[in-house]
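User: Could you take me through this structure? I would like to begin with the ligand and then turn to a single residue.

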Amino acid sequence: MPQRPATRPEVRIFEQADAAHEAALAELRQLGNGPQPALVSFATGNTYTAMLRRLHEEMQGGRVRLDRLIATHLDEYCGFTADQRGGMVHELISTCPSFGAMLQRRTFVPVPSDGHEASLAGHERELQRLGGVQLQLLGIGRNGHLAFNEPGTPFESGFHVTALAPTTREDARARFTPLEVPTAAVTAGIATILAARRLVLCAFGSGKAAAVRAMLLGEVSPQCPASAIRLHGNAVVLLDRQAAAQLDAAAAGAMG
Ligand code: GLP
């Protein structure tokens, strides 16, 4: 990956997560007007649940046109199928049922959960063939992970199989109970994520405040994978007050 200078992403702080979701939906609506269907890579997790519910309504109402978008996503637990509770595709379809219709029409391109090298290379090629990711939605783990790029993952990584960090597995416990949380996942790499035209990262709640501070104000380093977004140049970070709580006023003011 060529060395890029670190930049300061735009940071927007909202009173409520709802307003941040609205800002993310506005980005999606804009894309629908382009000359060709836009490839959007969605993130999963609690951060996006309410937004994905609203997205389904937007799609039903024709305000976000299904035929103008191609959907993909960041990551999947190893070996998980679309109908398996706890999995990312299952989560996307159950939260935003429009994705189910897109899957049938093959305009939803799932991450290959077998993790085979050939499947992952094929997936990367398919994303390229579809014009590359125009909009990449992102969350952040409380350990600073991006997708399932855990601390220490080289920034040069493409799609790969990874072992999940203990905090990541702990945070995922509720979605699998009473079953055990998987130990491995397939994830887009940092280089894959940085190749998207536009990044939108959302973080809400006090549990994310330290990770948000490290991402924006700490060293740009694989120790905080999310700090890689500062190498992008076209990224926006949408926060609520709690997630922004550790950004000192000067930094938040300068960024806002
Ligand atoms: C998960 C996902 C990430 C997600 C993050 C935050 O492990 N792999 O893509 O952004 O953790 O999840 P949540 O929104 O539930 O806090």
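**Ligand and a serine**

Analyst: In this predicted model, an oxygen atom of the ligand lies 2.7 Å from a polar side-chain atom of K208. On its own, the ligand exposes 390 Å², and the protein buries 85% of that.

User: Which residues surround the ligand?

Analyst: The surrounding residues include T44, G45, N46, T47, L74 and D75. G139, I140, F148 and K208 are also among them.

User: And what pocket is that space?

Analyst: The ligand takes up the space of the largest pocket.

User: Now a new topic: where is S157 found?

Analyst: S157 is in the loop that runs between β6 (133-138) and β7 (160-163).

User: Is S157 buried or exposed?

Analyst: S157 counts as buried because its relative accessible area is 13%, and buried means under 20%.

User: What does the side chain of S157 reach?

Analyst: The side chain of S157 reaches the backbone oxygen of P154 at 2.9 Å. A polar atom of that side chain also lies 3.3 Å from the backbone nitrogen of I190.

User: Leaving out residues up to four places away in sequence, which residues does S157 touch?

Analyst: With those left out, S157 touches N149, G189, I190, A191 and T192.

Methods
Residues numbered from 1 in each chain as written. Predicted model: local features only at pLDDT ≥ 70, side-chain atom pairs only at ≥ 80, totals over all residues. Heavy atoms only, no water. Helix = DSSP H or I, 4+ residues; strand = E, 2+ residues; numbered from the N terminus. Buried < 20%, exposed > 50% of the residue type's maximum accessible area, 1.4 Å probe, protein only. Polar contact = N/O pair within 3.5 Å; in protein donor to acceptor, adjacent residues only side chain to side chain. Contact = heavy atoms within 4.5 Å. Near = heavy atom within 4 Å. Areas by Shrake-Rupley, 256 points an atom, 1.4 Å probe, with all protein chains shown as cover. 1 Å grid on protein atoms, 1.4 Å probe; cavity = no way out; pocket = protein on both sides within 12 Å on 5 of 7 lines; lining within 4 Å. Sits in = over half its atoms within 2 Å of the grid points.
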